[in-house]
Structure formats: C-alpha cells, structure tokens
Amino acid sequence: MQAGARADLEKLFRKELEAAGLKAGAITVWSTPRRLALIARDLPLATDAVSEEVKGPRTSAPEQALEGFLRKTGLSKDQLTERDGVWFAITEKPGRATEDVLAAAIPAIIRAFPWPKSQRWGAASIATDALRWVRPLSGIVAILGEDLVECEVGGIRSGYATAGHRFHHHGEITIGGAHDYADKLRACHVIVDHAEREGIVREQAKAAAAAAGLVLVEDEGLVIENAGLTEWPVPLLGRFDEAFLDVPPEVIQLTARVNQKYFICVESSSPSLLGEGDRPQDGGGAPPSDAAASATSPSKLGEDRKLANAFVCTANIAATDGGAAIVDGNRKVLAARLSDARFFWEQDKKKPLVEHAEKLGRITFHEKLGTVAQRQDRFVALVDAFQGQLADAVPAAKQAAAILKADLVTEMVGEFPELQGLMGGYYARAESLPDAVVAAVRDHYKPVGQADALPDEDAAVLTALVDKVDALVGFFGADLKPTGSKDPFALRRAALGVIRLVTEKGLRLALGQLFDASAQLYRQQGVEMESPSSDLLSFIADRLKVQQREAGVRHDLIDAVFALGGEDDLVRLLARVHALQAFVGTEDGTNLLAGYKRAANILKKEEANDQTAGAHGEGVVPPTGEEDPLVLVDDPAFKDIAAQFAHPERTLSYQPEPAEAALIAALDAAEPQASDAVAAEDFTAAMAALASLRAPIDAFFDQVTVNDADANKRASRLGILSRFRAAVHKVADFSRIEG
C-alpha cells in the first residue's frame with residue numbers, strides 16, 4: 001500500500017503542476033506507517049504569463065456570427081483585434097503565484113487519492129461525500145520555501161507542525177521547510193526515508209543473527225514489510241523452544257513469517273533454508289492466493305537443512321532494557337502459533353493419506369469438471385499412458401497419484417495453503433512410503449515458474465505431467481481457455497510446465513495422444529467434451545515460442561516445423577528447429593529460402609489460375625480427396641507406372657536444358673537423403689541434403705523459362721518446382737520462415 005501511495009502521490013502532484021503550467025525539478029517521496037511526504041525542488045515562484053488567441057469570423061461575416069463569437073469569448077467588439085480581415089480575441093493572462101497553485105492542488109490531490117482501502121470518520125462521515133482516507137487524516141504540512149501554503153481539507157488546515165515518534169517523542173515538531181524536514185524528524189526518532197529503514201532492517205537483522213552464531217534466512221519481502229510497519233526499526237533476536245523443531249521447518253518459517261512478520265535463522269554450518277520463489281497452485285487449478293504469493297515456498301524436504309530455534313522480530317522503539325521484554329512477549333506469541341502448528345502436524349499424521357483422500361469427494365475441482373476425488377482417479381488412470389522412458393516409474397507414480405491431493409484436506413494445508421504438495425510429501429514420509437512415492441507427491445506441482453527447479457525423480461516427473469495435462473485438457477475441453485491477459489486457472493503456467501518437463505528431461509512423448517487419453521478419461525466420468533488436442537497443441541506451440549525466444553530461438557522456425565502437422569514430440573521438434581535455425585543462418589540456407597519462395601510464388605500463382613479456370617468450367621478436374629489414386633495400388637507391377645504419374649517430369653517428352661536436368665538429378669539425390677535423415681532424426685543431415693539443392697535451383701531460375709510457350713515444357717517445369725517444394729517441406733514449411 002505504501003509503495004502504491006508513493007507512486008500515486010507523485011503522479012497526482014505532477015498532474016496538478018502540469019495543468020497549471022509548472023514544472024518541478026527533482027521530486028522525492030517518502031512513506032512511514034504514519035506519514036506520506038513529497039518534496040519537490042526547484043519550483044518557480046509563479047507561472048508564466050500567457051497570451052491566448054482565439055480566431056473568430058471574418059470581418060465580412062454576418063452580424064449573427066460576430067455576436068455568437070462575442071458571447072463565446074465574453075468580450076465586446078471593441079476588445080477584438082482585426083488582422084487580415086479576420087477577428088481575433090486576444091486575452092492576456094498574468095502569471096499565477098505557485099503558492100496559490102499549491103493551495104488549490106493539495107486538497108484536490110488528497111480528495112482524489114486512490115487508496116485501495118479508505119474510510120470516513122467523525123461527524124462528517126454521515127455524508128457520503130465526506131473525505132475518505134486510509135486512516136483518519138490528522139495533519140497537513142505544506143510549505144513553499146519557508147512560507148506556509150494555506151489550505152484546508154475536511155476541516156484540517158495546513159500548518160508547520162507535525163508529530164514525531166508515537167512513543168519516543170511527545171508534542172509537536174515545527175518544520176521549517178524541505179531543508180530540515182527529514183533531520184527534525186530523525187531527531188524525534190522518525191526515519192522518514194523508507195529505503196533507509198529497509199537497509200536498517202536488512203543489515204541489523206543479519207547482524208543480530210550473526211552475533212548469535214546463526215545465519216539469517218534472507219527474505220526481501222519481510223524486509224519491506226517490517227520497514228513499512230516501523231518508523232524507528234530495531235531488529236531483535238529471540239529464541240523459541242527447541243521442541244518445536246520437530247515440526248517441518250517450512251511450517252515454522254511460514255508461521256513466523258505470515259502470522260508474525262519474523263525472520264528465521266539456520267545454523268551457520270547449514271545452507272540457507274529457502275528464498276523467495278514461485279508457489280504451487282491450489283488443488284482447484286487456480287493461481288496462488290495473495291497470502292501464498294507473499295510467502296516463501298520450500299523446494300524440498302528439510303532434512304539437509306538445520307533450522308535454528310531462533311527468530312528475528314523488528315521492534316519500533318529503542319527499548320531501555322535492550323529489547324528483552326519485547327523479545328519475551330514476541331516469543332510467547334510465536335510459541336502459541338507454533339503450538340497450533342504442532343497440533344495440526346500431530347493430528348494430520350494420525351490418519352494415512354489414503355484416509356485423508358476420502359474427503360476429496362467433497363471438494364469441487366470445477367463445476368464443469370467434477371470433484372478433486374474424480375480428478376485424482378483420472379491421475380491414476382492417466383499414469384498408464386506413460387510408458388517408454390518412464391515405464392519403470394509407473395508403479396510408484398500410480399501409488400502416488402492415488403494420494404496426490406490428499407493433503408488439501410489436512411489441517412496444516414487448511415492453515416497454510418501454500419504448503420500443499422510439500423506437506424503431502426512430509427506425511428508420505430511419516431507413513432514410511434517409498435522415497436519415489438514421497439517425491440512424486442511432494443514435487444507434483446513443479447515447475448511453477450520458468451526459474452523453478454524440475455522434479456528429480458522420474459515418478460515425480462510423471463505425476464507433475466499428469467497434474468498439468470489433466471488441468472489443460474479439462475479447462476480447454478470445457479471451453480475455459482485463457483483470453484487476453486486473463487488466465488484464472490493458470491493454464492499458461494501449466495503449459496510452460498509441460499514444455500519444460502518434456503524438453504529438459506528429454507521425454508519422447510506424443511502429446512496429442514496424451515491429450516486424447518486424458519479427454520477420454522473425462523468422458524468416462526460423464527463429462528461431455530470433444531478432445532481439445534488440436535487447440536492444445538496450438539496453445540503449446542504459442543507457449544513454446546515464448547519460452548524459446550529467451551533461448552534465442554526464432555518463433556517463425558517453430559511455426560515452420562509445427563505447420564507440417566503431426567509433430568507433437570517436442571524433443572524431436574526442437575531438434576529440427578535448432579538444425580533449421582543453424583541452416584537458415586548460412587549462405588546456402590539464405591539462398592535456398594529465396595529460391596523456395598520464388599518457386600512457391602510461381603506455384604501459388606499457377607494454382608490460383610487453375611482454380612479460377614475451374615470456377616469458369618474450363619475443364620479443370622475437381623479435387624477428389626485423393627489426388628493420386630495410384631498411391632492406393634499395391635500391385636508391384638504398377639510401381640513404375642505409378643512413379644511416372646507421381647513425377648511426370650521424369651518422363652520428359654523433350655530434351656531438358658542442362659540446368660533443368662541438373663535440378664532433376666539433384667532432386668533425385670536429395671529427396672531420399674532428406675527423407676532418410678528425417679526418419680533417423682538426423683536433422684543436420686537433412687539440412688545438408690537440402691543445401692545440395694541451392695546451386696541447382698539458382699541455375700534453374702537463371703537459365704530455364706518456366707512459363708514456356710510449349711505446354712508440355714511448362715507443365716513439366718512446374719512439376720519440377722512442385723517436387724522441389726515438396727522436398728523442402730519434408731524438413732519444414734519454408735513458407736512460414738521470415739526473410
């Protein structure tokens with residue numbers, strides 16, 4: 001709120017100055033829990049005098065036109081100026097004192113202030129148009145130079161006086177001007193610069209931990225929050241009962257952080273417990289709540305980290321006893337919170353996750369998509385769709401899938417939703433389930449962001465995939481796709497998670513088949529939907545382009561490979577894209593692309609002409625759906641005949657020109673090489689095969705007339721170009737490549 005208020009104050013102030021024709025130099029904005037301050041430097045003492053000129057009717061215009069102009073300007077005829085046969089109204093406006101501008105601007109700014117939460121108070125609050133402010137407004141200090149800017153808002157008049165620290169200073173402080181504002185407040189135990197207070201919290205909290213031989217778990221969000229809650233921050237270290245360390249460390253951290261705004265510490269020989277990061281989505285597929293977004297998210301179980309039984313709180317006073325009473329009071333409050341957390345932990349462990357999972361039938365995943373229990377049943381069935389590389393992980397993944405969302409109904413996750421998944425892993429470990437099952441439950445939300453780590457165990461990779469695939473298929477199948485900037489079910493994040501899991505783990509998956517299998521599971525549960533596989537693959541392609549752009553991969557090359565159709569193996573697709581990008585960056589690639597586009601343009605024009613001729617009934621055979629019926633003939637005796645029909649240019653009725661014959665020979669060699677290389681997934685070799693066509697196609701265009709007057713030659717040469725285009729399309733749709 002304070003950061004937003006600082007930005008809003010500067011924005012509104014600049015707007016008022018601009019409207020008055022004033023411009024300030026440097027502007028500084030500060031905030032504390034009790035005050036909001038703006039200092040503008042190098043303001044002129046008055047606005048410039050201006051002359052406004054309004055053009056009127058011609059002097060020869062009818063009298064009614066002149067009368068209308070006079071009414072508009074409020075002038076008489078003798079006050080007008082005539083120039084070149086046209087009347088002008090010229091008004092001289094003298095400069096306006098900056099003090100007067102500010103006297104009007106300050107109340108306007110206060111009344112227009114867009115606090116996200118505000119209130120009315122006092123007797124005036126009965127009126128709906130009464131002043132609204134985040135808290136009851138108690139004073140306004142408005143000084144220009146050393147002169148008071150007199151103004152009034154809601155019965156509060158401006159003055160020179162303000163208040164100091166709530167406890168360290170009693171009585172008013174008289175401010176002389178911008179030059180002494182910060183220093184006078186500092187003398188009264190108020191550090192008005194929020195950035196300075198943040199630095200104090202950041203450094204002194206570290207120092208307090210270090211003095212006790214500990215390491216502070218850094219948390220910039222807590223730094224900002226504690227600085228925003230205090231005017232004279234004093235970080236203090238306290239201890240809590242070691243018995244609470246039996247509770248998972250992430251629970252202790254969240255209890256201290258969310259409920260009490262405390263930092264936690266680890267032993268100096270241990271790595272830092274955790275830092276700021278992305279959070280898992282909740283069981284319904286929605287993005288994290290604000291509370292979750294403000295909390296740190298553990299990335300794995302905490303056995304390898306030694307949490308200390310220490311916390312750092314931030315007092316708002318310099319206590320005479322060194323803060324002992326403050327620390328003791330905070331320790332008691334934290335102990336009560338940790339007792340609750342320990343109670344949740346112990347209660348949840350009394351039942352295995354399978355029993356907890358029985359309650360999932362009472363939680364709706366989405367009104368169109370059934371309950372979380374039904375979702376978990378789909379997880380178990382969908383795991384079977386994964387074989388190949390992940391076959392060995394299927395048994396553990398199926399066991400985990402049956403309890404994947406069980407922790408959603410535990411007391412601990414009810415208190416701390418941001419711990420879902422993680423607590424499931426802790427409870428699975430407490431049940432002595434296999435390590436692979438523990439990991440699969442714990443890490444199935446991963447990755448929840450581009451920078452988040454991937455699961456390590458194959459079973460966890462599998463559960464992470466089924467969780468995201470089920471959400472994508474369900475919401476797309478229910479026509480609840482992301483629109484514009486709106487993505488209430490975090491489907492873009494889910495798609496990026498699928499992409500990262502598949503590509504970074506090198507998984508050879510046919511995503512289309514996986515989406516179809518997931519849609520079938522929905523249908524078996526009575527959810528009506530057509531398979532959204534096609535839409536989802538397009539969605540995945542869009543997300544892949546966004547993700548790969550950061551890696552320097554051109555989006556048009558991804559389009560060029562996707563456009564071939566039938567390519568839903570992302571590992572193979574990216575291998576092809578990388579080879580294509582390397583190829584188009586070479587001279588051969590650039591020239592071949594130019595030759596392709598020239599050939600494609602000629603063919604496109606001819607195809608358009610053929611369609612036009614057919615539309616006029618000029619003998620063009622209409623498409624039948626299978627344009628080469630002989631492809632369906634299996635009799636080996638027809639093989640040579642079929643080849644002649646498929647490639648008419650190979651049975652030329654004329655002597656080809658040298659460049660024409662050379663291109664045919666190059667195609668004869670390159671086509672099988674490119675096809676074999678693509679089949680072997682050696683896309684670099686496929687590009688090399690295409691590169692051999694570069695010189696022949698260039699020579700063909702230089703030396704051969706495609707649109708020859710001889711109809712046979714023209715048809716054969718168009719056939720050669722069509723064959724060239726088809727050969728290139730075995731690798732990628734070059735028409736999608738820019739340049």
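This is a predicted model: local features need pLDDT of at least 70, side-chain atom pairs count only at pLDDT 80 or more; totals for chains, interfaces and linings use all residues.
Local features are described only where pLDDT is at least 70 and side-chain atom pairs only at pLDDT 80 or more, while totals for chains, interfaces and linings use all residues. Residues are numbered from 1 along each chain as its sequence is written, and side-chain values use heavy atoms, with hydrogens and water left out.

The account begins with the interior. A nonpolar core is a set of buried Ala, Val, Leu, Ile, Met, Phe, Trp, Tyr and Cys residues joined through side-chain atoms within 4.5 Å; buried means under 20% relative accessible area, exposed over 50%, and partly exposed in between, with a 1.4 Å probe and protein chains only. The largest such core has 148 residues, and those touching the most other members are Met423, Leu462, Leu465, Leu580, Phe724 and Phe734. Helix H16 (residues 458-477) gives the most to this core, with 12 residues. Helices (H or I, at least four residues) and strands (E, at least two) are DSSP runs, numbered from the N terminus. A second, separate core has 28 residues, including Leu43, Ile109, Leu137 and Leu144. In soluble globular proteins, nonpolar side chains tend to be buried together.

Attention now turns to two helices. The axes of H1 (residues 2-20) and H3 (residues 98-111) come within 10 Å and cross at roughly 140°; axes are lines fitted to C-alpha atoms, for helices over the stretch in contact, and angles run from 0 to 180 degrees between N-to-C directions. H1 is therefore oblique to H3, as angles under 35 degrees count as roughly parallel, over 145 as roughly antiparallel, 65 to 115 as roughly perpendicular and the rest as oblique. From H1, the contact involves Leu9, Leu12, Phe13, Glu16, Leu17 and Ala20; from H3, it involves Val101, Leu102, Ala105, Ala108 and Ile109.

Two single residues complete the picture. Leu353 is found in helix H10 (residues 353-357) and is buried, with a relative accessible area of 0%. Leaving aside neighbours within four places in sequence, Leu353 is in contact with Ile403, Ala406, Asp407, Gly424, Tyr427, Ala428 and Glu431. Gly155, in the loop between strand E9 (152-153) and strand E10 (156-159), is exposed, with a relative accessible area of 61%.

Technical notes:
Contact means heavy atoms within 4.5 Å.
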